[in-house]
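Subject: Structure handover and notes

Hello,

Please find the structure below, with my notes after it.

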Amino acid sequence: MMPFDLVEPGTLREALALLDPEDSAVRAFAGGTALMLMMKSGFFRPKRLVSLNALAGDVASLSLSPTGELRIGAMVRLAELERAPEIRRAAPVIAAALRRHSNPRVRNVATVGGNLAHGDPHMDLPPVLIALGAEVEIEGPAGRRRLPVDGLVSGYYETVLRGDELIVAAIVPPQPRRRALYVKCTTRAADDWPALGLALSLEADGAAIRAATIVLGAATERPMRLAQAESLLAGRTADAALIGEAGRVAAAEAAAAIIADARGSSAYKRRLLEVELRRALARLLDLPAAGETR
Amino acid sequence: MSAAPRTIRFTLNGRTVAAEVAPQESLVTMLRDRFALYGARESCGQGLCGCCTVLVDGRAVSSCLALAALVDGRAVTTIEHLDADGTLDPVQQAFIEAGAFQCGFCTPGFVLMTRQLLEQHPDPGDDDIRHYLAGNLCRCGAYPEIVQAVKLAAAKRRGAAG
Amino acid sequence: MRAARQVGRSLPRLEARAKVTGRAEYIHNLQLPGMLYGKLVRSPIAHGTIRRIDAEAARAMAGVHAVITSAEVRQIIPSPYYGPAFHDQPILAIDKVRHIGEPVAAVLAADAAIAEAAAQLVTVEYDELPGIFDEVEAATSPVLVHEALKPAGTFADLKHLGGKRGTNVALEFRLRRGDVERAFAAAGQVFEHSFRSQPVMHTPLEPMVALAEATEASVTIHTASQSPSFVRIEIARLLGWPENRVRVRTAYLGGGFGAKLYIKLEALVTALALLARRPVKVSLTMEEQFYTITRHACTVRIKSAVDRDGRITARRCEVWWNGGAYADIGPRVTQKSGFTAAGPYDIENVAIDSVALYTNRPPAGALRGFGIPQLVWAYESHTDLIARALALDPVEFRRRNILREGRPQATGTVMRDAAIAAVLERLAQKLEWGRPFERGTGPVKRGRGIALGFKASISPTASVALVTIAADGSCAVQCGTVDMGQGSDTAMAQIAAEVLNLPAESVRIVHPDTDVTPYDMATLGSRSTFHMGNAVKRAAEDARDKLAALAAELGLPPGANVEIAELFRRRYGMQAGTIIGTASFLPSYAPPDLATGLTDNATPFWMVGATGVELEVDSETGRVRLLRLVTVADVGTPLNPRIVETQLSGAAIMQLGFTLLESMEFDRDGQLKNPSFADYKIPGLGDLPARIESETVAASQHSGPFGAKGVGESGTFGVSPAIANAIHDAVGVRLTSLPLTPEAIYRAIRAAAGDSLAEE
Ligand SMILES: Cc1cc2nc3c(=O)[nH]c(=O)nc-3n(C[C@H](O)[C@H](O)[C@H](O)COP(=O)(O)OP(=O)(O)OC[C@H]3O[C@@H](n4cnc5c(N)ncnc54)[C@H](O)[C@@H]3O)c2cc1C
Ligand code: FES
Ligand code: FES
C-alpha cells in the first residue's frame, strides 16, 4: 500500500468537512474491513482516509424507542448489533442473520454504516434491512436527509451517497405482528459470502397473509424486491400449493436479473430461489415442511 | 495526522508503548517489525483465516485488516501475553492436552478466539463453537481436536471459577 | 532403571508449548540485520516471449536497492535452471514465460512496502503465444511448452528420464502384465469410464518463504523447506560450489503438504543475495503460492473385464497428468503412482500408461498422496460402478478381488505387510455394512459409500542420522527430517528414547541444518517414519553400543548399572566427552523394467487406507451433508497413537476439501480466477462431517522401526470416491469430475430425470 493521509476527527461536523465531493480517493474509514481489502489488492488507492472511529454519541450508539423504532448509529459494530438486547427484542432476524455473517473478528469491527455505504450487492444485511422497511439517515453539507435502504444502492457497488455525505444511522420501524426470516445460501464452503440471500417479512395471522415483503440479495446487481411473489401471497391463506407457486413466481420474476458467478450459474440460483423461498415460507407460516431439509 | 509517519502510544500486552508508524502500515506488520511479536502472523491477508488474530480493547480482530495508526490510545493484546506470568492459560493447556494442532501456525488465533468464545459462552455447545470458530482456518485439519480442546478448556475454566 | 516404553505412547508434541504460546520458530518470522525484501514481478500471461523489460521507473524509486532480471542472474549463474527431475525452471524467466504468474523480475528494498510498490512500476512487454492447458490435448498438441528438455539425473529412481523430443511429454510410464487385449476379448463383461481431477493447491498457512545470506566463502539459506539436503545439492550445483560451502537450515514449517519440496524460492534468494551482497528474504503471499506449485489435474481412462464370478480379469489404465510449465517432481508422481494405478486388486492382466505432460499452467508437483488420490478417485469410482452393474454388494465385490498378503501386485512385487483385507473388513464392520441402512424421507436422501486405496513408498531413498550423548547423559538427535506438523520430532525422540532407555521428553531434536544434520532425501511421501525412523533407531543403537564399549573399556561387567554421566566422568576425569552414534538407512530397490514396468522390489513398504462415508443429499438443491467419515488405515504399529489419529483425520479433511470445495479455476487464456481464500475455499469447521472417526488396524511393518511405517497420506486415499459412491447410493447419479459441488450434483439429478437444467 502507498502512503496516504489519515485523519481521525472527533466530531461528525469535522469529519464531514474533511471529505471531498470531487475526489473519490478521499473516503470515510469506519471498520475498514472492506476498504483494507480494496487497498491491499491495489483496487483502491486512497489519498485521504477519514477515520470515523473517534466519533461518539448518537452515531455510535443504538436505541429502541417506546414505539418500537430502532435507531442504529452508523458506527455501531455488527457484533454489538448481534448481541444487543434491543435487537433481539425488536428485530431478532437481524441478530440471526449476523450469526452467519463473515466471522466474529470482522463483526467486531465492521460497522452498519460501512456495510450499507459499501454498496456491495453480495452482502447479507442490506436485504434484511430492506425487508424490515428500514431507512438510512444521511448527513451532508446540506443537512440531514432520509432514504429507504432500498433506495440507497443504485447499482453494482454504487450508492446514491455523495462524496461529502455520511450515513449517520439506520432506522428500523416498529414491526408489529410481523414475522421475519433470513435465509443465507452458500454453495461453496459452508461459511462464505452468500450465493443467494433471501429476506422475508410477513404480516400474517396463522396462515392468513395480509402482506409480504420478499427481498433477494447477493444474486443480483442490487438487492431486489420480488413484487410478483409478494402480491401473489398478499391477502391469501397459505397452503402447500400457494407457497410452491410463490417459489416458482419468484424464480421467474428474478430470472433475468440473476447473475452467474463463481458461486453458481443463473439457472442454479433460480432453482435455489424457488426451493428456498418455498421452504422459508413453510417455516414462517408453520406449514408442513414441504421439502424441508433440516 | 497526515501522510507522514506519526508516533502512536498504546498499551501493548499491559505496558504503555510508543511506535512510529506509517499511515498505511497494518497492525500485524507493526507488531512484527517494531515489537518482534510473531504470534500473530499474516497468512491469507484477507480476514479469513484468523492467523493474525489479536485483541484490540479486548475484542478479537484480524490484524491484517487493521491499520496500526488507529490503535493509538487503545489496548492491544497478543498471544504472547497469555503466559506472561509463566503459566499457561487454561485454553492453551487444553490445546496441548487435546493435541489440537499440528503445524501450529493457526494455533495462536484459535486460542485467542476460544478465549473470547468462552467469555461469552462459558459452556459452549457444538453450535456455538462452530459459529464462533468458523472464521478460523486450520489447513492441517486439526478441527476435531480443536473442538475437544474448547470443551476441555471450558471445563477447566469452570473448574477454576467454581 | 528401565524407563516406561517410549514408543506407543501418546506423548504430546515436544514443541507443544512453543506452539500454543505463539513462540515456535518459523522462517516466516526471521529477520536479519541489513536484510532486503524481494518482491516479484510476475507474468500476466500464460505463454509468450519477453520483448522488453523496463525497470527504469522502479530503479529510480527512493528506497529501491535493485531490480534484478535473468540478465543479472546469469552473471553469477550462467545456466540458472533448476528442478528435481528436469533442469527446466529458470530462476527468473529467460526470454519466455510459460505460465501465469511466472517470476520475471525481482525488486529489492529494505522496506517491503517499497519493494512491492516498485514492482508495480516494472513494465514488461510480451509477444503472446498460443497456450496449451488441457493434459489430454497436450499429449498431441503442436504447441510446445519447452523446445528442449534437460533431464536432471539427480535421483536414482529417475535416471532413465529423457522426455520425448518434439512433444510435451516429460515422462511415460508403461506397465504390461499378462495380456489385457486377450482378456478383454474373452471377458464376460467389460466396463470403461473416465474420471477427472481438478487442479488444487496445498495452501500451507505459512506461505512459502526463504532467506539467503552470503559471504565470500559460503551461503546460508534459511528456508521453510521440506528438503534441505536437496536444496543444498541443487544450490551447490547451480553455483558450481562444493556442498560444504552451502548451508541450508529450516525451522518448524507452518504446513508443507508437498508444496515446500525440492527447490522453490531457494535458488532465487541465493542469486538475489549474491547480487545484492545483502541478506534477501522472499515471502510469498497466499496469492503467490497459487502460481508456484499446485497438485496435478489428471484425467484417467480405466477399463476392466470381469468374469462370471465377479472377478476382475483385466484392467487397463491410461493416465494423463497435467504437469504445468515446469516438471518439478511430476515425473516421479507419474511413475510411482503408475505402479498402483490399477488399484489394490489381484488382476492377472494389467496395462498402465501414465504420462506426465507439460502445459501452460502453473507447475504441478507433490501434494499429500503423490498422485494416489487422483488414481483412487478413478479406480474406486469405477469399482463401485462395476459392482452396481453386476448387482454385487460393493464390499463383497472388493472382497473377491483384493490383493492378499503374499500375492504379486501389478508390478510383480509381492505384497508383504499390507493389511488390505483387514482394513476393508474393519471398515465394513465400523459402518455396520451388513445392517439395513436408513434411506431418509422426503427430498433428503441418505447414502453410504466406501473406497480403498494403497500406495508404494518412494524408493530408493536414503536417510542418515546422528544420535549424540553428552557427558551428562543427555541425548540429541540430529536428522534432516522436517517437522511441518506431522509430529516427526516427537516420533524421532520416542524412537531414540526407546533404544536408549530415556524419557522421550528429554531428547532434543536438532532441526535440519546441513552444517550439522546429515543427509536426508526429503520429508515427503510418508517416508520419514520408516526411513529416518530406521536411521535414528540404528544410530541410537550405535550410541548404545558405544556406551557399552565405554563401560567395558572402564572394566565394568556387562549390565552394570552405572549412570551414563558417571561413565563419562570415569573416562575423562570430569564432565567431558561426547558419544556419537550414527547410521544410514537405504532400503533395497529394483527399478522397473523400462518396457514392462515390472519389478520384484518396487517399494520397501505399502500404505493402505480406506474411507467410509454416510451422507445426505438434498435432492432439490444437490446440497450434501456428511454425517459420518470413517478412515481405517494400516500404519504398521503406531509410534504415537494420538498423533497418528490426527494425521489420519487431518489428511481426510484436506482431501474432503479437494473433493467438495476446492478448485483452481482457469479461464480460456490460462488466467487463474481465484488465487485467494476469498474465492478458493478450504474446509472450515462448518464443512466437517458430523462424526469423524479414524482407526488403525492391528498390524506391523516388520522392516519398520518398532513395526511402524508412514501415515501422513493414507487418510486421503479413499475420500473422494467414497463420497461419490455415497452420492450415487443416495440419489442414483454418478459424478466423474471433481469437485462435487451442489450444482454439479443437482445438474446430474436433473439430467438423470431427463430434464436437464439450463446451462446459464
Ligand atoms: C473476511 C470477510 C468476510 C466477509 N463476509 C461477509 C459475509 O459473509 N456477508 C456479508 O454481507 N459481508 C461480508 N463481508 C463484508 C463486510 O460486511 C463489510 O466489509 C463490512 O460490513 C464493511 O463495514 P466497515 O465498517 O468495515 O466498512 P469500511 O471498510 O470502513 O467502509 C466501506 C465503505 O463504506 C464507506 N463508509 C463507511 N462508513 C460510512 C458512513 N458512515 N457513511 C458513508 N460512507 C461510509 C467507506 O468510505 C467505504 O467506501 C466480509 C468482509 C470480510 C473482510
Ligand atoms: S491473515 Fe489475517 S485473517 Fe488471515
Ligand atoms: S495446525 Fe497447521 S494450520 Fe492448524
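A salt bridge here is a side-chain nitrogen of Lys or Arg within 4 Å of a carboxyl oxygen of Asp or Glu. By that rule there are four salt bridges between chain A and chain B. One of the residues involved is A:Arg99, which pairs with B:Asp127, with the closest N and O atoms 2.9 Å apart.

Some conventions: this is a predicted model, where local features need pLDDT of at least 70, side-chain atom pairs count only at pLDDT 80 or more, and totals for chains, interfaces and linings use all residues. Residues are numbered from 1 along each chain as its sequence is written, chains are lettered from A and ligands numbered from 1 in the order in which they are written, and side-chain values use heavy atoms, with hydrogens and water left out.

Interface of chains A and B

With contact taken as heavy atoms within 4.5 Å, 30 residues of chain A touch 37 residues of chain B. The two chains bury about 2,600 Å² between them, 55% of it on carbon and sulfur atoms; buried area is the accessible area (1.4 Å probe) that two parts lose on being put together, summed over both. On the side of chain A, the most area is lost by A:Leu6, A:Arg99 and A:Arg105, together 27% of what that side buries.

Twelve residue pairs, both at pLDDT 80 or more, are in polar contact across this interface. A polar contact is a pair of N or O atoms within 3.5 Å; within protein, one must be able to donate a hydrogen and the other to accept it, and residues adjacent in sequence count only if both atoms are side-chain atoms. Helix H6 (104–109) is among the elements of chain A that each supply at least two residues to the side touching chain B, and H6(A) gives the largest share, five residues. Helices (H or I, at least four residues) and strands (E, at least two) are DSSP runs, numbered from the N terminus.

Ligand 1

Residues from chains A and B surround ligand 1, so the site is shared between chains. There are 34 residues around the ligand, and A:Ala28, A:Gly32, A:Thr33, A:Thr111 and A:Asp124 come nearest; a residue counts if one of its heavy atoms lies within 4 Å. A polar backbone atom of A:Ala28 is 2.6 Å from an oxygen atom of the ligand, and one of A:Ala30 is 2.8 Å from an oxygen atom of ligand 1. From A:Asn115, a polar side-chain atom lies 3.0 Å from a ligand oxygen.

Regards
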